[in-house]
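User: Please take a close look at one part of this model. Then put that part in its setting.

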Amino acid sequence: MSSQLTAGDSLAPADTKTNTAPAPATRARTGRNFGAARGSGPRNNRETSLASRLVVTIVLGCFALYFLVPIWWLLVAASKPMGEQFSAPGFWFNGMHLGANVGELLTSRDGIFMRWILNSIFYAGVGAIVGTLLASMAGYALAKYRFRGREVVFGVVLAAVLIPKILFTLPLYLMFSEVGLINNPLAVILPSIVSPFGVYLSRVFAAQSVPDEIIEAARIDGVGEVGIYFRIGLRMMTPALVTIFLFNFVEIWNNYLLPAMVINDSSLQPVTVGLVSWFASNGKVPMSLVVIGALVSIIPLLLLFLFLQRFWKAGLTAGALK
Amino acid sequence: MSVGTPTRSTIPKTRTSGRQARTAALLLAPFAVIFLGMYLAPLCFAVYRSLFVLKRDGLGLTAPTLVFDPFTNYLKAFTDPVFIESLGRVLLFGVVQVPVMLALATGLALLIDSRSARAKGFFRLTSFLPYAVPGVIAALMWSFLYSGTSSPINALLAPLGIEIPFLGQDMVLWSVANIVTWGWTGYNMIIIYAALQSIPGEILEAAKIDGASAWNIAWNIKIPMVRPALILTAVFSIIGTAQLYNEPKVLQSVSGGSIDSAFTPIMAAQAATAAQNYPYAAATSVILAVLVGILSITFFKITNRGSDA
C-alpha cells in the first residue's frame, strides 16, 4: 500500500523545507513565494514581451473575476437595505446598511445565529485539537518505533484516507440512534476527531524532523518514552500539527450531512445546518437574513486562513485531502 | 503517564524492543480506539443491518419485524432504477467536471508560474478564497445567483436577450458542476503550483537555451514533471465526486423539481434513511463505500504502473 502513495511521498520533502525554514523575520517573504524550493534565482522580467504580459494578465484577471464575483455579490447584497437584498442593481451597492443588517441578524429569532456560530467554533475547535493530538501520537509512534504489525496499521490508515468520511455518516447515524447519542454533541465530535490523513502527515513529518539522536540523548538523560513524545516530539512537529489542526478545523466547520442527521435540536446545530434550515424554511425566515448570515459565516474561516497562511500553504504540498 | 526508564546501556536489547512496542501501543491506543469505533464499527453495523429485511404483516397491525435475508437489499439496490440512475449521473458528472477543473487548475498554475505574470500573490489568494467558503454556504450563494426570479447574472444578460435557465432540467447538473469547480479549482491549483515551483531552474534554463518556446517548455517539461501532483489532485477529485451531496441538496429546494431526492447516490441513501428504511440505506452505503474504494485503488494502480515504465 505504501508504495502506491508515492505521489504524496515525493511531495513531502518540499513540505518540510517550507515548514521548517521560515523564521519570524522571513515569514512575510516566504508567504509570498511559498514552496519556493527552486531557490532565489531572479526571474528575468526584461525577457517577456509586453504582449505576452498583457495576455497573461487578462486571462488571470478573468479567473480572478470568476472566483471573486460570487463573494462580491454576497457582500453587496448584504449591504443593501434590509429586505432589498435581491433588487437591482445586482452587482453594485445601494446604500451601506451592513452594520444594521448584521445587528438584525444577531438579534432576530432570539439570537440563534450567534449560537450556531459558537456551536461551530466549539465543534471544530474541540474536534480539531483532540483529533490533531491523537493523530500526531499515532503518526509519531508509527515513525519512531519498530514493532510487529506496524505496516499493517499504516496500511489500514492509508486505506481509510481513500474512503470519504461522508460514506460513514449514514452507518454512524444508525449506530448512534441505537445507542441513544442523537442530539448529543458527542455524536458530532467523536467521528470528527478521527483523522487518518493527520496520522499519515504526522508519520511523514516525524520521520523527517525528529532526529533519532535527540530521542537517544533524551533516553540517556532518563526521560520516559511518553515524556520524550510530549516534551520533544510534539515540539519538533509543531508545523505539521498546525497544518493538521487547520485541515481538521476546516473539515469539521464545513461538515453538513453528519450534524444535519445527528442533531435535530436547533440550539445545538452548527452554522452550516442552521443556515440551510433557514434557507429551506419556505419563506418562514426572510431570505435577506440568509444572505447576511452567509456572509457572516464565511468570516471566521477567512480570518483563520489569513492568520495561518504559511502553514496551509506548506501543508497543501504534502498532499492535502478534500 | 511516564514509563520508568533506566539508562539505555543497562537494558538488554530484547527488553528495549519490548518496551518500544509497549510505548508504541500506548501512543497508538487512543487513535486506534476512536478509529475502530467511528470507522470500523459503523461499517460492520451497516453490513450487519443490510442483511435484514423489514417485514410488515399484511394488515399493519403489529410492529414490523426484522427478518434475516442477506441478498434482498443488495438485489434491490442493483435493480433500483433510481439508485442506478444516480450512480450514472455522478459518473457523468465526474467524467466531465474533474478533467475540466484539473485543466483549469493546471492552466492557472502555469500562468501564475510564467515569467509574464504580475501580481502573483493576489491571483493565488483570490483563487484559493473559495476554499474558505463551506460547501453548503457556496451552494446557498450560487443558488441566489442562479435564481429563476432574481438572478443578477440573468439581469446583467437581459439587455443582450439572453436568459440562462440555470436550474432547468438539462442545465442543473452543470450548474452544480460550476459550484464544485468554483470551490476547488484554486485548491488544486495551489498543489500543482507548488509542484511547479520545485522543478529545478537549470532544467528550464537549459531548455530555454536550446530555443524551446514557453509553450513547449510548459507542455513538454513542466506538465510531465508535475505528474505526481496531477495524479494526487485527480484521485482526491474522484473521491470528492463520489461524495457529491451538499451542493445538489441545497439547490434541491429551489430547483423546482429538476433535482429529486435521489439526485446523487448519497442523497438516495439519505432519503432511504429519512424514510426509515434503514436496512436498505445501510446496503446502499456499503455498496458506495466498496465502489469508491475499488475506484481509488484502481486509479492509483493504473497511474503508478505508468510512472514505473
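Over residues 152-174 of chain A, how much of the chain is helix, how much is strand, and how far apart are the end C-alpha atoms?

Analyst: This is a predicted model: local features need pLDDT of at least 70, side-chain atom pairs count only at pLDDT 80 or more, totals for chains, interfaces and linings use all residues, and side-chain values use heavy atoms, without hydrogens or water. Residues are numbered from 1 along each chain as its sequence is written; chains are lettered from A and ligands numbered from 1, in the order written.

Residues 152-174 of chain A are 74% helix and 0% strand. Their end C-alpha atoms are 29 Å apart. Helices (H or I, at least four residues) and strands (E, at least two) are DSSP runs.

UniProt, in an unreviewed entry, lists 152-174 of chain A as a "transmembrane region". Such annotations may be inferred rather than shown by experiment. Residues 186-207 are 86% helix and 0% strand, with end C-alpha atoms 33 Å apart.

Now the partner chain. In chain B, 113 residues contact 113 residues of chain A (heavy atoms within 4.5 Å). The two chains bury about 10400 Å², and carbon and sulfur atoms give 76% of this area. Buried area is the accessible area (1.4 Å probe) lost on being put together, summed over both parts. B:Leu27, B:Phe31 and B:Tyr39 supply 8% of what chain B buries against chain A, more than any other three residues.

The interface holds one salt bridge (a Lys or Arg side-chain nitrogen within 4 Å of an Asp or Glu carboxyl oxygen). A:Glu178 pairs with B:Arg49, with the closest N and O atoms 3.2 Å apart.
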